[in-house]
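User: Got a model open here. Can you walk me through the charged pairs and one of the helices?

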Amino acid sequence: MAKETEIRKYVRRQIAFLAKDEEILERGGSKAQLAKLRRGAGKKPGELPELWGMFLKDMPEELLGRNGNPSYAEWAIYTALTLFALHQQGHSEPVNREGGENRFGRAVRKLVQNEENEENIRRKLSIVAGADDMEELSYHLRAVVKLLGNSEVKLDYADLAEDLYWFQHENQTDRVRLKWGQDFYRSFKTDDGRKEEKDEE
């Protein structure tokens, strides 16, 4: 099985364990684990030993690093899970939602409320996309995820994890950046079904 598929499956499984529905979110153990994970947001995998089991336990062997440095998969999974925990804070319903409408670029687009804040949101996305490495990327993602949480916008974390995996491959970085840009500018519908923008061919 391809690594990106394994990454998606692992992230889905971990999020289901932590916050699949309101009932799981109400459990004390789930709340405690989410609180621990939040402390890891913006940090490097392995920096907080108390989080090792939360992102390494039962991870497929082919995703694990071997030399004490985090593998691309470990970086992607750790970053996605810690950001999810940050996003989930203060919410009684799961903030993870799969599907094209909830991919990263589309989710960020939902933060645009009017012309006044559109440029500010576009700039934040550009800063994220312009990151040079995972440490910088996770730092900037943290700020955007806080905005998503404040605005009740959900995000597909399995898809984000795959993006983060490919972002680390030098020959795939620009493809991921363009995907985020395409999704941000893609035609989308508001809740009442009206077309908000038009695609350009």
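This is a predicted model: local features need pLDDT of at least 70, side-chain atom pairs count only at pLDDT 80 or more; totals for chains, interfaces and linings use all residues.

User: How many salt bridges does a search of the whole structure find?

Analyst: The search finds 15. A salt bridge here is a side-chain nitrogen of Lys or Arg within 4 Å of a carboxyl oxygen of Asp or Glu.

User: What does Arg103 pair with?

Analyst: Asp183, at 2.8 Å from N to O. That pair links distant parts of the chain: Arg103 is in the loop between H5 and H6, Asp183 is in helix H10 (residues 173-185), and they are 80 residues apart. Helices are DSSP runs of H or I, at least four residues, numbered from the N terminus.

User: Is Asp183 buried or exposed?

Analyst: Buried, with a relative accessible area of 2%. Arg103 is partly exposed at 24%. Buried means under 20% relative accessible area, exposed over 50%, partly exposed in between (1.4 Å probe, protein chains only).

User: Which residue forms a salt bridge with Glu93?

Analyst: Lys154, with the closest N and O atoms 3.7 Å apart. The two sit 61 residues apart, Glu93 in the loop between helix H5 (72-88) and helix H6 (104-109), Lys154 in the loop between helix H8 (134-150) and helix H9 (157-167). Lys154 counts as buried at 18%, while Glu93 is partly exposed at 43%.

User: Where do Arg177 and Asp174 lie?

Analyst: Both are in helix H10, three residues apart, about one turn of the helix. An α-helix has 3.6 residues a turn, so residues three or four places apart point the same way. Asp174 is exposed at 54%, and Arg177 is partly exposed at 26%.

User: Switching to H8. Which residues of H8 are buried?

Analyst: Met134, Leu137, Ser138, His140, Leu141, Val144, Val145, Leu148 and Gly149.

User: What covers the buried residues of H8?

Analyst: The cover includes H5, H6, helix H7 (115-129), H9 and H10.

User: And after the helix?

Analyst: H8 is followed by Glu152, whose phi is positive, near 60°.

Technical notes:
Residues are numbered from 1 along each chain as its sequence is written. Side-chain values use heavy atoms; hydrogens and water are left out. Contact means heavy atoms within 4.5 Å.
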